[in-house]
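Reader: I'm new to looking at protein models. Could you walk me through one, feature by feature?

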Amino acid sequence: MNDLAHIRTLTAQWRQEQGYADKGGVIVVYQNEVQGWVNELRDPQHWTPGCIATDSVGNQWKAAGGNEQDGAAEWQPIGIMNKEQIYDEQISPLVGQILAICKEHGIAWIANFAIPTEEDDSLQVLTNWPDENGKFPDNHQAAVRVIRPFNPGPMMLTTEHSDGSVTLTAII
């Protein structure tokens with residue numbers, strides 16, 4: 001796990017433990033220790049250069065310039081997450097939990113996430129899971145036909161792992 005991913009994890013845990021999960025704002029970390037929470041990213045001069053601020057979505061900024069005595073000169077964006085990264089890091093693990101529960105109880109379900117990025121403005125993640133008999137409800141099949149009205153060819157999956165490695169999977 002790289003430093004920014006570690007800090008994202010650290011701040012997410014701190015938010016949960018300290019009751020800040022629903023408060024927005026940013027958590028500021030310096031040398032891998034949480035320094036505090038503020039309701040919005042502001043006043044870099046109040047923070048030591050090198051501090052990392054992380055918002056509730058996982059976007060990150062670094063306090064830069066200035067010095068320890070006078071504080072930083074500005075906040076520089078260093079880890080702005082796109083929707084695909086947010087899906088991969090925050091939504092996909094939840095979908096995995098839902099999938100396990102549905103498999104155990106034979107519950108059919110469907111979910112579609114539109115996660116456009118600069119590289120692919122039509123990027124979506126569609127999951128359609130059958131019931132305990134391997135059957136898809138008619139309304140799920142109809143929904144899939146509306147969401148994906150044609151088959152443009154193989155589906156490509158790119159998975160970025162927390163260790164920085166990437167797996168590319170083609171479903172033909």
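Predicted model: local features only at pLDDT ≥ 70, side-chain atom pairs only at ≥ 80, totals over all residues.

Reader: Okay. In what order do the strands of the open sheet sit?

Author: Strands (E, at least two residues) and helices (H or I, at least four) are DSSP runs, numbered from the N terminus. Two strands pair if DSSP finds at least two bridges between them. Here five strands form an open sheet in the order S2-S1-S3-S4-S5, with antiparallel pairing. Strand S2 (33-38) and strand S5 (74-79) are at the edges with a single partner strand each, so one side of each has no neighbour in the sheet. From one strand to the next, the twist averages 30°; angles run from 0 to 180 degrees between N-to-C directions, and axes are lines fitted to C-alpha atoms, for helices over the stretch in contact.

Reader: How many bridges join S1 to S3?

Author: Four, in the antiparallel sense. S3 and S4 pair antiparallel over three bridges, with Ala53 opposite Trp61 in S4. Strand S4 (residues 60-64) also pairs with S5, antiparallel over five bridges, and there Gln60 faces Gly79 of S5.

Reader: Which strands does H1 lie across?

Author: H1 lies across strand S1 (26-30), S2, S3, S4 and S5, and runs at about 125° to S1. Contact, by the way, means heavy atoms within 4.5 Å.

Reader: How do I read the two faces of a strand?

Author: In a regular strand the side chains alternate between the two faces of the sheet. For burial, the terms are buried (under 20% relative accessible area), exposed (over 50%) and partly exposed (in between), using a 1.4 Å probe and protein chains only. In S3 both faces are covered: Ile52 and Thr54 are buried on one side, and Ala53 and Asp55 are buried on the other.

Reader: And what about phi angles?

Author: Most residues other than glycine have a negative phi, and most peptide bonds are trans. Asn32 isn't a glycine, yet has a positive phi of about 65°. Look for Asn32 in the loop between S1 and S2; at 45% relative accessibility, Asn32 is partly exposed. Asp43, also not a glycine, has a positive phi near 50°. Asp43 sits in the loop between S2 and S3 and is partly exposed at 29%. There's a glycine case too: S3 and S4 make a hairpin with four residues between them, and Gly58 in the turn has a positive phi of about 115°.

Reader: Is Glu104 buried or exposed?

Author: Glu104 is exposed, because its relative accessible area is 62%. Glu104 belongs to helix H2. Glu104 and Glu132 are 28 residues apart in sequence, while their C-alpha atoms are 8.6 Å apart in space. Thr127 is buried at 18%, and touches Trp109, Ile110 and Ala111, leaving aside residues up to four places away in sequence.

Reader: Which residues lie nearest the centre of the second largest pocket?

Author: Arg8, Thr9, Met81, Glu89 and Gln90, out of 27 lining residues. Helix H1 (3-18), strand S3 (52-55) and helix H2 (83-105) are the elements that give two or more residues to this lining, and H1 gives the largest share, eight residues.

Reader: Where does Met81 sit?

Author: Met81 is in the loop between S5 and H2, and is buried at 8% relative accessibility. Not counting residues up to four places away in sequence, Met81 touches Arg8, Val57, Gly58, Asn59, Ile86 and Glu89.

Key: Residues numbered from 1 in each chain as written. Heavy atoms only, no water. 1 Å grid on protein atoms, 1.4 Å probe; cavity = no way out; pocket = protein on both sides within 12 Å on 5 of 7 lines; lining within 4 Å.
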